[in-house]
Amino acid sequence: MGSLLLIRYGEIALKGKNRPFFEKKLLQNIKESLLGLEPYRVLFHRGRYYVEIAEDNLFPARRRLERVFGIVSLSPVFTAELDLEDICRQALILLKDNYEPGMTFKINTRRANKKFPGTSPEISSHVGAYLLKSGLQLKVDVHNPEVSINIEIRNEEAYLYTQSFPGSGGLPVGVTGRGLLLLSGGIDSPVAGWMTLKRGVHIEALHFHSPPFTGDNALNKVIDLCRLLAAYCGKITLHLAPFTEIQKEIRLQCPESMLITLMRRTMLRVAERLAKKRNIPVIFTGENLGQVASQTLENLIAIDEATALPILRPLVGFDKEEIIEISHKINSFPISVRPFDDCCTLFVPKHPITRPTVEELQNAEEKLPLKELVDRCLNTIQTKQITAYERV
Amino acid sequence: MEKMEVYLDNGATTRPYPEVIKEMQRIMEEKYGNASSLHRFGSKAERIISSSRRTLAELFGSKDSEIIFTSGGTESNNLAIQGIARRYRRRGNHLITTALEHPSVLQSFQQLEEEGFEATYLLPDSTGAIDPQKIAEALTPHTVLVSIMHVNNEIGSIQPLARISSIIKKQNPGIFFHVDAVQSFGKFPLHPEELGIDALSISAHKFHGPKGIGALYLKEGVFLKPLFQGGGQEKGIRPGTENTPAVAGMALAARLCFDRQKDKIKQLRGFKEKLISSITAEHPQANLNGPQGEEGAPHILNISFPGLKGEVILHALEEHSIYVSTGSACHSGSQDPSHVLQAIGISDECLEGAVRISFSFLNTEKEIDYAAAKINSVISDLKKFQEARP
């Protein structure tokens, strides 16, 4: 008999007719996150999942599941035989794990197995009385206990648990749809990706690099960011698009002040074509409002104009500090601040244009062989699958 | 032109000599005992440690007992500077160094300042030279330690150690003189006693030895407060089980370097001059940072291409399998402009467009010809994008 983890989910329960689909997706995501920790078994019972797994793998499994969106909380579960005395003994072991002299406790019992003798309150008070006689310094407090011991009487055995660890919340990745994330190596785009995943959208990532100028370190940074995001969604498909030629052409043909906006417009054209090929209906970016000179409202509007696909920007309402806080929480910050140039910092204009008109930009673009440039970029994209975990 | 791999980042680290690798592997396989153990295995390891110590002592012209093994240049610098300053605190609380030093020296000084010491940081001239007269002026009756690097890791400027030590010792023979010789050991003969040096740091991986090992020469009669506490190894100055294979690797690498030094150093100088003349002929706006001509170290060349970014040049050269660095790789990653280049007062444009090219005894004439041609063509290509202003 292995160890057990109880998994609770939240919002899914509200989803009416979609509920079976959501539950199936979550089950699939739970299984993906446990890759390499085999053997395990996932059971589903009365709106909860139970993962049965070797004791050695209990801790890593819990840490991984804490990242699976859709899960609200997790509890390690002790089991007892269907025998009141064994339940008492297990409850004592459980309590001792969290024991502080003088602490208060409470017992909650759920008697799912109606064949088990006694009512739920009777079972609770029997076990409570046993604990009080154990010689530990304990007090009962049914309103505000320091430790709650939960007992579930089931058909084959009884489950006992006390601690509960928070999950990531959100929706199971994949239930909302698919999106293409523009992923640079910076602080914002991985946070945008995380927030997109949190609302159940499975993402593929598109990164523009400028070989040879950007180097392997910059590429490894993006791969590491994808690995981190993959912990929330199983795996990430990463598309690496070489941007050097486009960048050089824009640099040679167009006014320097428009460089960044024209680059972003071209990136979105590439993204749109890739998204269509991959059957993805929407683009996500880490763009923010007013953070840098190239992120004025006018610039965002000008960027939107380059593609027919909707662009969603999950970070638009955040201050930089708030974004950084999330990046610390999900651990992308230390990767994002590795100081290697990405394609955007190669040729940085001294004074980027802040209020471009679409017309101005279109005029500048007339000098560019856009179709050929985008075609060539698209044809030279490399695609990698990045997984968070590996089969042992 | 035939494609080749040219490693020109020897200021960051060097390729270990094959003999060194072989020797280290042999020791790891056969002589893995703890040098402190009393049985035969222990004494075999002990013999290796003591013969390696003897080798280094011979090269320094010092006593065996004056060599202390450490984990590398950073530790040697920390140990010498912090150890001596704290041990002799009663003699005074003033320390002198330069603005050109390696971060392990500068941050040791900052640590000591936090502990109440006062520090003077001498500024170099535009070639990276420290005027010995400035040292004379900075000395006070409270000065306990002067720490000066021999060869600068970023621009290759060389400080006149003998003159500096005579100025210090004339003022007060009780002032200690520490030298960071990480970039010069193996390239030049170094006899600390003759030069009036009390402590001197070296690091094996800069002279074709392994990483993670270095040494501190500490003159007999000079004491220091250890940084680590432990089992009494290295006379308690640097406790910790001896890294036998690395110690042996370092000693062998040092001996091989000294054997090859005389012939090779001329060759390095030739490489440097060849590159300079080839690059400046095609790109006259390229700017040589630091010492000019014969003044600088033969193995370090720092050159700026105004208007270009060092990191972009680096990756463009990498595409042709030529490996150089921007500023110094010891704090590569940090994109803060180099403190050394700032100290010698070069322009912002030169700061951003600086590339360090550093040679070793393993480079060949053919490699340098290839590198010169590629550097010139890469710079020409990049300039097109920098100068475009429609």
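In chain B of this predicted model, 51% of the 390 residues are buried. The chain is divided into two parts, domain 1 (6-15 + 260-388) and domain 2 (18-255).

**Fold and dimensions**
- Twelve helices and twelve strands make up the secondary structure elements of chain B.
- Chain B is as compact as a globular protein of its length, because its radius of gyration of 22 Å is close to the 21 Å that the globule rule gives for 390 residues.
- The C-alpha trace of chain B spans about 75 × 55 × 35 Å along its principal axes.
- Of the contacts in chain B between residues at least 6 apart in sequence, 75% join residues at least 24 apart.

**Domain arrangement**
- Domain 1 of chain B is assigned two segments, 6-15 and 260-388, whereas domain 2 of chain B is assigned 18-255.
- A distance of 28 Å separates the C-alpha centres of domain 1 and domain 2 of chain B.

**Contact between the domains**
- In chain B, 29 residues of domain 1 are in contact with 24 residues of domain 2.
- On the side of domain 1 of chain B that touches domain 2 of chain B, at least two residues each come from α8 (244-282), β10 (300-304) and α10 (339-343) of chain B.
- With four residues, α10(B) gives the most to this side of domain 1 of chain B.
- By residue class, the side of domain 1 of chain B that touches domain 2 of chain B holds ten nonpolar, 16 polar and three charged residues.

Conventions. Residues numbered from 1 in each chain as written. Chains lettered and ligands numbered in written order. Predicted model: local features only at pLDDT ≥ 70, side-chain atom pairs only at ≥ 80, totals over all residues. Rg over C-alpha atoms; globule rule 2.2 N^0.38 Å. Buried ≥ 20, exposed ≤ 12 C-beta atoms within 10 Å, placed from the backbone. Contact = placed C-beta atoms within 7 Å. Domains from an automatic or database assignment. Nonpolar A, V, L, I, M, F, W, Y, C, P; charged D, E, K, R; others polar.
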